[in-house]
Amino acid sequence: MNIFIFLKKEVLKAISKMADNRLIVKLPDVTRVTVESPRDEKHGDAATNAAMVLAGQVNLKPFDFAKLLVRELEKIPAIENVEIAGPGFINLKLSSAFWQEQLKTILKEKEHYGDSDMGKGEKVNIEFVSVNPTGPMHVGHVRGAVFGDALAELLTKAGYQVTREYYINDGGAQVDKLAQSAYLRYREAMGENIGEIPEGYYPGLYLKPVGQYIAQKDGDKWMTVKQEDCHAYFRDTAVKMMMDLIQKDLDKAGIHFDVFTSERVIGETGGIEKALDVLKNRGLIYQGKLGKPKSAKAPEDWEPREMMIFKSTAFGDEADRPLKRSDGSYTYFTPDIAYQYDKYQRGFKNLIMVFGADHAGYVARLKSAVKAVTDGKANLDIKLVQMVSFSEDGQPLKMSKRNGTFVTFEELLSKIGKDVVRFFMLTRKNDSQLDFDLVKVKEQSKDNPVFYVQYAYARAYSVFRHAQEIFGEEILNDLQNAEMSLLKDEGEMSLIKMLVSFPRLIEQAAEAKEPHRIAYYLNDLAAAFHALWNKGRDDVQMRFLEEKNKELSRARLALVKAVTNVIASGLHVLGVTPVKEM
């Protein structure tokens, strides 16, 4: 339960009663009423602006309206104290019994605690990773992959119907180079000395298995065939094998897609022509010449030519964009428009794409294309992910797919582990710089957030094991009905309030599309739990388990169990597996 939504409903009910009882002349428009955290937690658990925004509608001063509203709010069992602050803000303090009662909900809902219906089942398409199928994933792809997957899980938890989609860029010039590179590796596998791989091809050793596979399958079938005549076969085989590599890496990272869409298939099934027809029918395409591009350093590097152009400036872009070159071939942008239109035709109006920060210049034109091709009925939100600075014990790592010298995604996962990689990638906002040292991320200290959170979870389970040794296995049964009123210490109440804030955090993070907020919260929750643990070391009366007080021990075990449920729920969003022992 989001307690602020709960309190807002109670405030609105109280205002309605004021109107029913004719304490105010009419029921005002309550759309601007909010219930939020107070600026200072000493003022209470929540604050509402109701009197400030409604008083004028009923010909009252805010303070006078507030006094009437306070009388109604004081009747609500969950509210312990109501105070008017300043000219009419109202601070609310919830009763200890209300907070303690929320533990039962956390224990009942387990890892589903925090699930929300905010999204109301609305369909969302998230396209991320979409690495060119020209080789295995490297460490430069990790952050976007983890961010996209965690965002998808976060939105799912918030009640959206999410589809994870991978766009296979198998229709461009880079795939032609891949096919030519695979063809050379095939000839090499057949015993030919191919010499040095030509400039612009892919020299990586990862293409050797492609050539060996074709050689074993087809023998010398292609040795006497011109490369251009078997180009499609080598292209398709190489793309499939590269996609198999990519999917295996993604599986190891716990990332799974619902849909794989091929750029080439969209083109071959008339998808590009359909999208262009839509733009033509809306008068958004013309034949013309564009000004000199920024990439042309000198006048002789460029000459104006007649081409097909999209009026992207009509939708906020800084310049109109070419769709067809003077030679009749489509630009890189055109298949992307067709892909967005394809998603819209499949019923998606909420589109999210995860781009590397180096693609920032592409954002405006793609957003303009979505507005144009869907007549403004679809919305595209592009999340930019900054590069990660990888190092190992302070020494920077370098990578390059084309020359084959890079650290692969799979190598990183094998060396560090899925959970550490995923958690660390979410310890900063997606558009902020992130430093990742392969040595430091494995340190077992409170400065390592993934260790700190996992240790809190494991530490909680050590409490459960100790409890069973003292009281027997039955002590952990039916914790939902423990006497929660025994949890009176300030540290216990503070921890309970932090746990109960989790559903609201999920909704806020989903609305902002910021899964890193979950990682921050889990780190804070772990700190609060460790602090309560340490309090028991200094004060025996604050230990989770007291042999002479079984009921108090059960109540504290209920609190500890609630901590594990919320940590597990948050880690699930991040794609990290909680561990019971370390």
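Which residue stands opposite glutamate 392 in β14? Glutamine 395 does.

Some ground rules. This is a predicted model, where local features need pLDDT of at least 70, side-chain atom pairs count only at pLDDT 80 or more, and totals for chains, interfaces and linings use all residues. Residues are numbered from 1 along each chain as its sequence is written, and side-chain values use heavy atoms, with hydrogens and water left out.

Strands here are DSSP runs of E with at least two residues, helices are runs of H or I with at least four, and both are numbered from the N terminus. Two strands pair if DSSP finds at least two bridges between them.

Now the sheet with our opening pair. It is open, has 3 strands in the order β14-β13-β15, and its pairing is mixed. The edges are β14 (395–396) and β15 (434–437), each with a single partner strand, so one side of each has no neighbour in the sheet. Take the antiparallel side: β13 and β14 pair over 2 bridges. They form a hairpin with 2 residues between the strands, and aspartate 393 in that turn has a positive phi of about 55°. Now the parallel side: β13 (residues 388–392) pairs with β15 over 4 bridges. There, valine 388 has leucine 434 of β15 as its bridge partner.

Next sheet. This one is open too, with 4 strands in the order β1-β2-β4-β3 and antiparallel pairing. β3 (residues 79–85) and β4 (residues 89–94) pair antiparallel over 6 bridges. Isoleucine 84 has isoleucine 90 of β4 as bridge partner. β3 and β4 also make a hairpin, with 3 residues between them. Glycine 86 sits in that turn, with a positive phi of about 60°. What stands opposite threonine 48 in β4? Isoleucine 90. That belongs to the antiparallel pairing of β2 (residues 46–48) with β4, over 3 bridges.

One more run of strands. β8 (residues 285–288) and β9 (residues 307–310) run antiparallel, joined by 4 bridges. Glycine 288 has methionine 307 of β9 as its partner. β9 is also joined to β10 (residues 321–324), again antiparallel, by 3 bridges. There, isoleucine 309 is partnered by proline 322.

On to helices. The axes of α17 (residues 502–512) and α18 (residues 516–538) come within 9 Å and cross at roughly 155°. That makes α17 roughly antiparallel to α18, a label used for angles over 145 degrees. The axes are lines fitted to C-alpha atoms over the stretch in contact, with angles from 0 to 180 degrees between N-to-C directions. Who makes the contact, meaning heavy atoms within 4.5 Å? From α17, Phe502, Leu505, Ile506, Gln508, Ala509 and Ala512; from α18, Arg517, Ile518 and Tyr521.

Key. Angles under 35 degrees count as roughly parallel, over 145 as roughly antiparallel, 65 to 115 as roughly perpendicular and the rest as oblique. Contact means heavy atoms within 4.5 Å.
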